[in-house]
Amino acid sequence: MIELVSASRCIQCNICVNVCPTNVFDKVPDAPPTIARQSDCQTCFMCELYCPVDALYVAPQVDPLDSVDEELLKQAELLGSYRRNVGWGRDRTSLAKEDSTHQILKLLK
Amino acid sequence: MSSYHWRSQNSSTIDIDVDPNLQTDVLVIGGGPAGTWAAWSAASSGAEVVLVDKGYCGTSGCAAASGNGVWYVPPNPEAREAAMSSREALGGFLSNRDWMQQVLNQTYANVNLLAEWGYPFPVDEEGKPYRRSLQGPEYMRLMRKQIKRAGVTILDNSPALQLLVDAEGAVAGATGVNRQTGKQWVVRANSVIIATGGCAFLSKALGCNVLTGDGYLMAAEAGAEMSGMEFSNAYGISPAFSSVTKTLFYNWATFTYEDGTPIPGAGSQRGRSIIAQTLLTQPVYAILDRATQDMQAHMRKAQPNFFLPFDRAGIDPFSQRFPVTLRLEGTVRGTGGIRIVDSTCAASVPGLYAAGDAATRELICGGFTGGGSHNAAWAISSGYWAGKSAAEYARNLGEWGKQRPVEAVGEAGLTNGSKHQIKAEEVIQATQAEVFPYDRNYFRNAQGLTESLQRLDNLWKEIRSSQAADSQILQVREAAAMVATARWMYSSALERKESRGMHKHQDYPEMDANQQHYLVSGGLDRVWVRSEGLGIKRELVSVSS
């Protein structure tokens, strides 16, 4: 579930508010968006992909955590790791081009 | 005089404080693959198009969050023959070759269009483009861009709540709400395409929580019929703690009991029922220990999001066992949905078309699909046809189509004027208690289905005698759609007294040649089911169960 909107990274673009398929965030004037309806989060990671500054963290668990430690997440390079893995973001190339499903399916036969 | 009443007791009032209040040729409800293909196709036919999405067109729907294979087969007669025959037995011989051929043709053409539009398809080891797999975020970001280019007006965060119909009962638009501003919207249209996906009952399967059967409910309230709702018990494997129900890689898994002993017969495809059976009494673990080093590298590039939960939870799935569960994907990976009456993808109500998972997929895969593949191809093709047909219908209707008197036909939660306010959350949990359990839905029997149906009927009565508070209307409509969906599912499942496709009826474990027909269902306060021939003649060949 969505666990973190990093206040230090967020630029208040509110893209996450728009793109979340289940309307989890609320806009806040002159502040980062809040996680207003965490229980509606479907753990689909889409907000992270669209966040231009890697300010969001979606924990893999479908149930809420007690807390997350932003510093630890930064150190583990988990903030923005999904964007990195699919090559989304400025100066990156989409890695869809390297989709190797064909090799996998060949080995499945 | 037209009226867009939010409530029937207010039907004398016309709410003029509606924003936006639009008129268009074609309204598309749902912004996943089927909806965007429908919108693009209608706009390319010269129609004005409005697309509304409960979430955000580009991220909502099961494809956007995940990605999948596509039933994309080059026009080589042998390859096409193999593609059609390979899964006819699995689907219980309910598929139709004319439809399959058309879908293979259209999917091939449209996926090639995706390449022209700039989808970065990989190349295989011979340097040829490989177009049988789509990564969801990339695919749907491109589709959004493409329909905007085609001039489609997109309303995001704007769930539709009820359809509008004219005096003859033809569908003429929809009303809904912007869930962020709370404002109502009304779109009057000459024709409407429902592309709202299937119903996964808020099971937290990847990308599936927007899929609550809303389109089925709206269509049924306008008089449309369903088909194949007994093929609705698809479950996806996921790590027990996570949402990621991508099952391809479990072909390289060993499934074990808690003590590490392999579970005999357990597997990703045909052995999934053994996993379900085991989960009834104890946890099941998996380890992807059959993937070689090379394979592991390919897997990461093919499906980056498969690894997200593991990387973040600090688990190496190739060397460490992890608990798994089966999440209900209902009609998303099932094959039932709104009945299609002809090759235009028309529903059984004039002016209404259905596409993608919202529509039945029995026509191309009978009673069994799996993730992506056939469903992805169907979304592309049926979306394309529905868009073309809806545009033509709109053209024939002309300007009168937007001026005709209309009324809203949403019922459940909207129209009875009762003071009783329903707790949607409780209805949803009660519905989940009937459809999640493996010994109720995966493995079905007459007694269990009958008991569930009684409780679901009671839930429906409760909804029908309640009125949703404005702030709760979306959740109440979702709850109503889930209850309605479950009732069509289980009524159809009771009627199919055999095991066919994914429908496993324990009282009738064999397939019965006399039941090689479709089950059409519908109704709200009174649910009905009838059988209908396939419209095709084919000999039932030998079947291994």
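1. Of the 545 residues in chain B, 64% are buried, a class defined as under 20% relative accessible area with a 1.4 Å probe and protein chains only. The model is predicted: local features need pLDDT of at least 70, side-chain atom pairs count only at pLDDT 80 or more, and totals for chains, interfaces and linings use all residues. Residues are numbered from 1 along each chain as its sequence is written, chains are lettered from A in the order in which they are written, and side-chain values use heavy atoms, without hydrogens and water.

2. The C-alpha trace of chain B spans about 70 × 55 × 50 Å along its principal axes.

3. Chain B contains 16 helices and 20 strands, taken as DSSP runs (helices H or I, at least four residues; strands E, at least two). For contacts (heavy atoms within 4.5 Å) in chain B between residues at least 6 apart in sequence, 74% link residues at least 24 apart.

4. Towards chain A, 50 residues of chain B are in contact with 43 residues of chain A. About 4100 Å² is buried between chain B and chain A, 59% of it from carbon and sulfur atoms; this is the accessible area (1.4 Å probe) that two parts lose on being put together, summed over both. T59(B), K204(B) and R312(B) supply 17% of the area that chain B buries against chain A, more than any other three residues.

Notes
Buried < 20%, exposed > 50% of the residue type's maximum accessible area, 1.4 Å probe, protein only.
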